[in-house]
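The structure comes first, and the notes follow by topic.

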Amino acid sequence: MTVKEVISAALFKMGYGEVDFDEMTSEESALVQKMLKCLNLVYQQIETEYLPLTKKETKNFSGGTLEISTLSKPLLYVVGIKKDGVAKSFKTKASYIETTFDGDAEIEYAYLADDFLLTGEIADKRLAKWLIADGVVAEFCYAENMPVESAAAYKRFTDGLKYLKNKSLRLTVLARRWPQ
């Protein structure tokens, strides 16, 4: 899904008409830029609180440390470190990660994605367009001092995210017969 599709869906939910992204007036352009800022805030909230983006890399821990700047993405937090398939303990410091071993190991960590541009693409397949649009509407209404609309959109947004986050924790009660 594209950024333009999400912003169009958010504008539709707010009662605005269609926006031609190629020929916008100055008012429409200002509105779309506000929506884009709200989209970036919402996506960062999704990444940090609900559904983190994770990456696995094999790195060399020389002297029991790994400089955080050597990772390919900006570190949010370390999920785990495995050496030869065995989980290892670690401590995260301000600029490096400290372990009790030397050598190559696989590190899994959460990271923040770069901000979206208007011409960008949202490649996260876990999220639906309507869900992100609800978050954008909630942020926009909050910024524009519309608390009732913001609260309603925020509730839909967080309910959807909680469902996605806890999807694997669903319990199924099998049909049973009562004892005779």
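Which residues does Leu-39 touch, not counting residues up to four places away in sequence? They are Val-3, Val-6, Phe-116, Ile-122, Ile-132 and Val-136, where contact means heavy atoms within 4.5 Å. This is a predicted model, in which local features need pLDDT of at least 70 and side-chain atom pairs count only at pLDDT 80 or more, while totals for chains, interfaces and linings use all residues. Residues are numbered from 1 along each chain as its sequence is written, and side-chain values use heavy atoms, with hydrogens and water left out.

**Nonpolar core**

- The largest nonpolar core has 47 residues, of which Ile-7 and Leu-39 touch the most other members.
- Such a core is a set of buried Ala, Val, Leu, Ile, Met, Phe, Trp, Tyr and Cys residues joined through side-chain atoms within 4.5 Å; buried means under 20% relative accessible area, exposed over 50% and partly exposed in between, with a 1.4 Å probe and protein chains only.
- Two or more residues each come from helix 1 (3-13), helix 2 (26-50), strand 1 (53-61), strand 3 (75-83), strand 7 (103-111), helix 3 (129-143) and helix 4 (147-165).
- Helices (H or I, at least four residues) and strands (E, at least two) are DSSP runs, numbered from the N terminus.
- Helix 2 contributes the most to this core, with 10 residues.

**Helix 1**

- Val-3, Val-6, Ile-7, Ala-9, Ala-10 and Leu-11 are the buried residues of helix 1, and they pack against helix 2 and helix 3.
- Gly-15 follows helix 1 and has a positive phi, near 90°.

**Helix 2 with helix 4**

- The axes of helix 2 and helix 4, as lines fitted to C-alpha atoms over the stretch in contact, come within 11 Å and cross at roughly 40°.
- Helix 2 is therefore oblique to helix 4, since angles under 35 degrees count as roughly parallel, over 145 as roughly antiparallel, 65 to 115 as roughly perpendicular and the rest as oblique.
- On the helix 2 side, Val-42, Gln-45, Ile-46, Glu-49 and Tyr-50 meet Tyr-154, Phe-157, Thr-158, Leu-161, Lys-162 and Lys-165 of helix 4.

**Thr-58**

- Thr-58 lies in strand 1 and counts as exposed because its relative accessibility is 56%.
- Not counting residues up to four places away in sequence, Thr-58 touches Asp-104, Ala-105 and Glu-106.
- Thr-58 and Glu-108 are 50 residues apart in sequence and 8.9 Å apart in space, C-alpha to C-alpha.

How values were computed: Axes fitted to C-alpha atoms, helices over the stretch in contact; angles between N-to-C directions.
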